[in-house]
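Take a walk through a protein chain with the structure open beside you. Keep the sequence at hand as you read.

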Amino acid sequence: MSEAPILRDTVRSNGREALQKNIQAALALSEAIRSTLGPKGLDKLLIDDEGRTLVTNDGVTVLETAKVEHPVAKMMINASSTQDRIAKDGTTSTVILAGEMLQNAWQLVLQGIHPSTIARGYRKAEQYVLQCIPEIKLNSNNEINETVVKTSLAGKGYHSMQEVIAKVSLNAVKIVVDENNSVDMSKIKLISQTGGKVEDSKVFKGLMLPKKRISSDMKKEILDGKILLVDGGLEKKNVSTDLKLNVSGVGVLESFRQEERKMLMQQVDKIVEYGVNVLACRESIDDDVKNYLTEKGIQAFRRVARSDLNMLARACDAKLVNSIQTSRVSDLGDLVSSKNINIDGKDFWVVESNGKAATIVAKGSTVDILGEVERCFDDSLGVSVQLIEDGFIVCGGGASYVALARRLRRYAETIPGREQLAIEAYADAIEVIVRVLAENAGIDPISALLDVVAEQTNSDSDQFGINLTTGKPGNMLDLGVLEPQGIVKQALIGATEVAISILRIDDVLWAKQDLEMPVLPEDEM
Ligand code: ADP
Ligand code: MG
């Protein structure tokens, strides 16, 4: 039977050819970010099509900024983005691990092993290593937590910047953690400001918005109050745009205006009756309403972004209402205090509530530095959450991967048939982290790995990884190179998932003719 018409304009590659091309694409991608891994990893300068530049060391940022068309390369980028969403850190590692798993799989394919046998072996290997993580994990504590967050920032910024970001992130998470030890990240707000040093970044209890109360005659500080959040405003309609009036006599417009004004004042009376002390509106508040609010002792804010109103609603346990007319007393939120403060000449509104919220004010001297500071906060907050919620860590510097690979090789011996080879290939693949860390520090990668494996075996300890200063194996617990277990776990899960999905593709049907393959030098495969 001839090929279905639907395939007429389609480029098709299948079997081994498809797999080879797909693996090439995946490898091209992991090669591209390999040099950023670890504290000695280098930065990348990214320039987008509008000429904007970005200097970063963050794997997922590099990948998400790159315009990649190849579907397999996109699968790798998705794996990295998923890692970013779930674990916040370990994004570069995930892609490097997946690339290595695929490269080793290709070697097995060349020896005549079927991709689905390899996929089965990889799945077994993954399940076994995940089962082994509890054997190598350690308990964290307050002091160690800071070290762990600093490890996650290795290679990004400089020492004192890492220290401040780690401290601030941990404190922010400690402010919002609830009695069940769970952390709602949406209760942490990050405000960034240019000017000043990164070291001046601070965390504040409560939500802080770059806003000033609408009149300085209003009270500066309200304690123990009730807040109303309105997804609208307190203003007269604009006659030219918002409504149409048939004016039939002199004074009609004036009396309409007066009636409208009266209705606005009645709305103020209504919230006074409710006992509202603080009012925040998404739209504007008219000047005569402002004076009446001031008279009634209400502190008011206008043009508050909806995202901020939602955050306030969560923090104060309030409901965002569409208008004052439809609001009810039960929509009000409680606040411990609502203050207006000034930091370095800028006005802020600080709301403290029992719903716990924290605001980080991040500083950086230039927009570029501030961008990298924000990305650092993103990573370190994610790591801090895992530490506070879970509290288990593993050794970094590749130590945990070597420890898992050692166990995996012993397990492989018990598996008969060709899957054994796949499990061994998986063990070799996860050791790539030590090799790349060494490579980026100018250390011979093969000797580094062999030395670390030998040291772990001889001392029967899972804590030895590569000391990038000496180039020799070092105890990562003593050196303070530690990471949350969740990052390693998720990196292994994500990398295995994408590697297996790519191995399972044996037919590529491409509807366009001008397909572009990321190319890799011949000797890399
Ligand atoms: P990722 O995006 O995967 O988190 P990073 O560039 O942040 O990539 O590098 C993380 C890796 O660097 C981890 O494997 C971590 O253990 C390792 N690492 C961090 N600091 C050190 C250090 N001082 N010595 C050795 N390895 C380190
Ligand atoms: Mg990292």
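**Starting from one threonine**

Thr53 lies in strand 3, which covers residues 53–56. Helices (H or I, at least four residues) and strands (E, at least two) are DSSP runs, numbered from the N terminus. The model is predicted, so local features need pLDDT of at least 70 and side-chain atom pairs count only at pLDDT 80 or more, while totals for chains, interfaces and linings use all residues. Residues are numbered from 1 along each chain as its sequence is written, chains are lettered from A and ligands numbered from 1 in the order in which they are written, and side-chain values use heavy atoms, with hydrogens and water left out.

Thr53 has a relative accessible area of 43%, so Thr53 is partly exposed. Now look for its contacts, meaning heavy atoms within 4.5 Å. Leaving aside neighbours within four places in sequence, Thr53 touches Leu45, Leu46, Ile47 and Asp368. Tyr128 is another matter. It is 75 residues from Thr53 in sequence and 43 Å away in space, C-alpha to C-alpha.

Step back to the whole chain. It has 17 helices and 19 strands. Its C-alpha atoms fill a box of roughly 95 × 65 × 40 Å along the principal axes. Of the 525 residues, 51% are buried. Take the contacts with a separation of 6 or more: 75% of them join residues 24 or more positions apart.

Three strands form it in the order 4-15-18, with antiparallel pairing. Strand 4 (138–139) and strand 18 (482–484) stand at the edges with a single partner strand each, so one side of each has no neighbour in the sheet. Strands of a sheet pair through backbone hydrogen bonds, either parallel or antiparallel. Here, two strands pair if DSSP finds at least two bridges between them. Strand 4 and strand 15 have two bridges. Strand 15 (residues 392–395) and strand 18 have three. Follow the partners across: Leu138 is bridged to Ile393 in strand 15, and Ile393 to Pro484 in strand 18. Cys395 stands opposite Leu482 in strand 18.

Helix 6 (residues 142–152) packs on this sheet and touches strand 4, strand 15 and strand 18. The direction of helix 6 makes about 90 degrees with that of strand 18. Such angles run from 0 to 180 degrees between N-to-C directions, and axes are lines fitted to C-alpha atoms, for helices over the stretch in contact.

The buried residues of helix 7 include Met161, Val164, Ile165 and Leu170.

Finish with a pair of helices. The axes of helix 1 (residues 15–34) and helix 4 (residues 91–110) come within 9 Å and cross at roughly 145 degrees. Among the residues in this contact are Leu19 and Ile23 of helix 1, and Val95 and Trp106 of helix 4. The contact residues divide into 11 nonpolar, five polar and three charged. Ala, Val, Leu, Ile, Met, Phe, Trp, Tyr, Cys and Pro count as nonpolar, Asp, Glu, Lys and Arg as charged, and the others, Gly among them, as polar.

Methods:
Buried < 20%, exposed > 50% of the residue type's maximum accessible area, 1.4 Å probe, protein only.
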